[in-house]
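Me: I have a chain open here and would like to go through it. Can we start with the surface and work from there?
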Amino acid sequence: MNRTDVLETDAPRDVVGLRELASRHALLPLRLFLGVTFVYAGIDKLTDPAFLSASGDGSIGDMMRGVRDTSAIPGLVDLSLNSPVGFAVALAIGEILVGLGALAGLLTRVAAVGGALIALSLWLTVSWAVTPYYYGNDLAYLFCWVPLVMAGAPYWSLDALIRRRRRATD
């Protein structure tokens, strides 16, 4: 018998059940937060005419030109500057798709990889020069996606529903 077994047998049955339920659903709040945040970020970009411009105050073009020389990968910024509006639309659609995947729990690991890649690319470009580093939120978002890449969405998800239906037909 290990220490965990001793502690759990000493605890009332309802407490053990709550702990088990909480550990089973521990990633759900993170999944909901990331899903809502990414959907909102994508919609916000698509509905902001200033952002969807190659130049001008608040434009994607000006923002990317402003971070070009301080980014970790200036070539990636240069690539976005070839078509700043196209890049902005692709980024926004990517954020919406990633967010919807996380919210629905559909292809959750794929969505989480997409979210992590978006966060990584933004960290290496837009927020690379933020000091101290922990003021930049893109690095935190990157690491928030990692548990979902590893675990997916085993509960309250379309992935789980599909898995259960496949098992039932096998």
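Me: What does the accessible surface of the chain come to?
Reply: About 10400 Å², and 65% of that belongs to carbon and sulfur atoms. Keep in mind that this is a predicted model.

Me: Which residues make the nonpolar surface patch?
Reply: L106, L107, V110, L158, L161 and I162 make the patch, with an area of about 490 Å².

Me: Which helix gives the largest share of that patch?
Reply: Helix α9, residues 158-169, contributes three residues, the largest share. L161 is found in helix α9.

Me: Why is L161 called partly exposed?
Reply: Because the relative accessible area of L161 is 31%, and partly exposed covers values between the buried limit of under 20% and the exposed limit of over 50%.

Me: Switching topic. How many helices and strands are there in the chain?
Reply: Nine helices and zero strands. Along the sequence the pattern reads α-α-α-α-α-α-α-α-α.

Me: What about its overall dimensions?
Reply: The C-alpha trace spans about 65 × 40 × 25 Å along its principal axes. The radius of gyration is 20 Å, whereas a compact globule of 170 residues would have one near 15 Å.

Me: How much of the chain is buried residues?
Reply: Buried residues are 32% of the 170 in the chain.

Me: And the contacts, what share joins residues at least 24 apart?
Reply: That share is 66%, counted among contacts between residues at least 6 apart in sequence.

Methods
Residues numbered from 1 in each chain as written. Predicted model: local features only at pLDDT ≥ 70, side-chain atom pairs only at ≥ 80, totals over all residues. Heavy atoms only, no water. Patch = residues over 30% accessible without salt bridge, like charges linked within 9 Å, V, L, I, M, F, W, Y side chains within 5 Å. Areas by Shrake-Rupley, 256 points an atom, 1.4 Å probe, with all protein chains shown as cover. Salt bridge = Lys/Arg side-chain N within 4 Å of Asp/Glu carboxyl O. Helix = DSSP H or I, 4+ residues; strand = E, 2+ residues; numbered from the N terminus. Buried < 20%, exposed > 50% of the residue type's maximum accessible area, 1.4 Å probe, protein only. Rg over C-alpha atoms; globule rule 2.2 N^0.38 Å. Contact = heavy atoms within 4.5 Å.
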